[in-house]
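The structure comes up next.

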Amino acid sequence: MSQVYPVIKLNPKDDVVIARSPIQAGTVLQHEQLTVLTAIPEGHKIALRDIKQGEAVKRYGQIIGFAAKPIAKGEHIHTHNLGMGDFARDYAYGEDTIDLVPDATRDTFMGIRRADGRVATRNFIGILTSVNCSATVARAIEDHYKKTGLEDYPNVDGVVALPQSFGCAIGFDSEAMVVMRRTLSGYARHVNFAGVIIIGLGCESNQIKDLIRVERLEEGPALHTMTIQESGGTRKTIDKGIALIDGMLATANQVKREPVPVAELILALECGGSDSYSGISANPVLGYAVDKIVRQGGSAILSETSEIYGAEHLLTRRAVSPEVGKKLIARIEWWEDYCRRTNSEMNNNPSAGNKTGGLTTVLEKSLGGIAKGGTTNLVEVYEYAEPVTAKGLVFMDTPGYDPIAVTGQIAGGANVLCFTTGRGSAFGSKPTPCLKLATNNTLWRRQEEDMDLNCGNVVDGTESIADVGERLYGMILDMASGKKTKSEQFGYGSAEFVPWNIGSIM
């Protein structure tokens, strides 16, 4: 590190540089012709000029906040002297779209082709619940297969229970019920499930018969439903569930992997436990891989509406039509209204850990977050858990909270996931496999057992975004072909099913 210049400047228009490692007060930055006035933690910002109170401060060439007090050249910029403020965004719908040049090569991975033509990356049997009251039964059925094992069914990745915490005390036609049904039906149809059973109590608001009817699900050999009340109690329901899954296993085991094109990938993009390096290393590395997938006809889902706030104009400029761009702004406006109604604010994000890692405002976090989406056009905008059918980069409206966001993406059809982190998130997401990307070398050394890829050398300047992006792209294809990720090896993914409870609980 002694041979690496101590700070990074990301854009010629920037008012700040970012510390590559802790910097002592009195350090002279020769390129910037300034003396650092106070100790600067790793990943934090240093002022490049004197900044007046109320003046905008830029990083990535974009506004990340406004000076809450006068800031001197060489001073630490963070929550003590930088705050939020409103400013005009030029949505300029479609002005920055590009003519997409398809890759000359067409790569493949070893996927599982279902009877309906869709391609899976994993082969699970799932247990869903219509209400929290049936969660214990669902877990008991899963536990049975954990104890007995699936040695006779080597092509089945597991039997997984994904119980939910709600399902009752919400209105039949409420927004909350619409979102819940859409989420459950997305999982019931998910390509990575060879079969699913849905278990209810029987008297809940979220009636299974209504779920089946409204979402046009079809019961049959791969989809069974039951309730504890109709089955005669807990033990009888557990036994019935085991019998149904026993009847599915032989068919589920008949799958085989075959070469399929990258166009069959639907990649979910998520970041959690972000730091100041997220927008410098892991997120652009992921964006590089996204561009390669999109140029071969695949799809990628950018989400976390509260974490693109303040940077949404950069996405509307890439929208393929004004209609697509306006869909995105409609979701931003919904969130602004939601915050007013709930007496909250968008800048509740970043979290405490984000701030420790050097992020100060949601504007700064958002500008780094959208780098996950690469550089291609924004082709569609979806509401939470809507089925993703478009090819290319799309946006799905979700909260920033990782389990809720990813649950919506998977319900929308994501069959692979990449998760960037600078603080050290531990996460998995059955039935969709997840690669975790570390933004910095310190995190990699501390928590390598949870991280699949280190992007820290991009921060040090010893590797390029393209170098690490190519490596990530290969890892995505390996994951899609069945190679277990670190989160899968630890068994993550059951507790992380968290549907968005969007409405009132009565």
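The crossing of helix 6 and helix 14 is right-handed. The model is a predicted one. The two helices pack at an angle of about 60 degrees, and their axes are 8 Å apart. Helix 6 is therefore oblique to helix 14, since 65 to 115 degrees would be needed for roughly perpendicular.

The table lists the two partners.

| Helix | Residues | Residues in the contact |
|---|---|---|
| Helix 6 | 282–294 | Pro-284, Val-285, Leu-286, Tyr-288, Ala-289, Lys-292, Ile-293 |
| Helix 14 | 465–480 | Ile-465, Ala-466, Val-468, Gly-469, Glu-470, Leu-472, Tyr-473, Ile-476 |

By class, this contact has 12 nonpolar residues, one polar and two charged.

Take Leu-267. Beyond four places in sequence, Leu-267 is in contact with Leu-286, Ile-293 and Ile-476, among others. Its other partners include Val-290, Ser-299, Ala-300, Ile-301, Val-416, Leu-417 and Cys-418.

Is Thr-136 buried or exposed? Thr-136 counts as exposed because its relative accessibility is 61%. Thr-136 is found in helix 1, residues 135–148. Thr-136 and Ala-161 are 25 residues apart in sequence, and their C-alpha atoms are 9.7 Å apart in space.

Notes
Residues are numbered from 1 along each chain as its sequence is written. This is a predicted model: local features need pLDDT of at least 70, side-chain atom pairs count only at pLDDT 80 or more; totals for chains, interfaces and linings use all residues. Side-chain values use heavy atoms; hydrogens and water are left out. Contact means heavy atoms within 4.5 Å. Axes are lines fitted to C-alpha atoms, for helices over the stretch in contact, and angles run from 0 to 180 degrees between N-to-C directions. Helices (H or I, at least four residues) and strands (E, at least two) are DSSP runs, numbered from the N terminus. Angles under 35 degrees count as roughly parallel, over 145 as roughly antiparallel, 65 to 115 as roughly perpendicular and the rest as oblique. A crossing is left-handed if the near helix is turned anticlockwise from the far one by less than a right angle, and right-handed if clockwise. Ala, Val, Leu, Ile, Met, Phe, Trp, Tyr, Cys and Pro count as nonpolar, Asp, Glu, Lys and Arg as charged, and the others, Gly among them, as polar. Buried means under 20% relative accessible area, exposed over 50%, partly exposed in between (1.4 Å probe, protein chains only).
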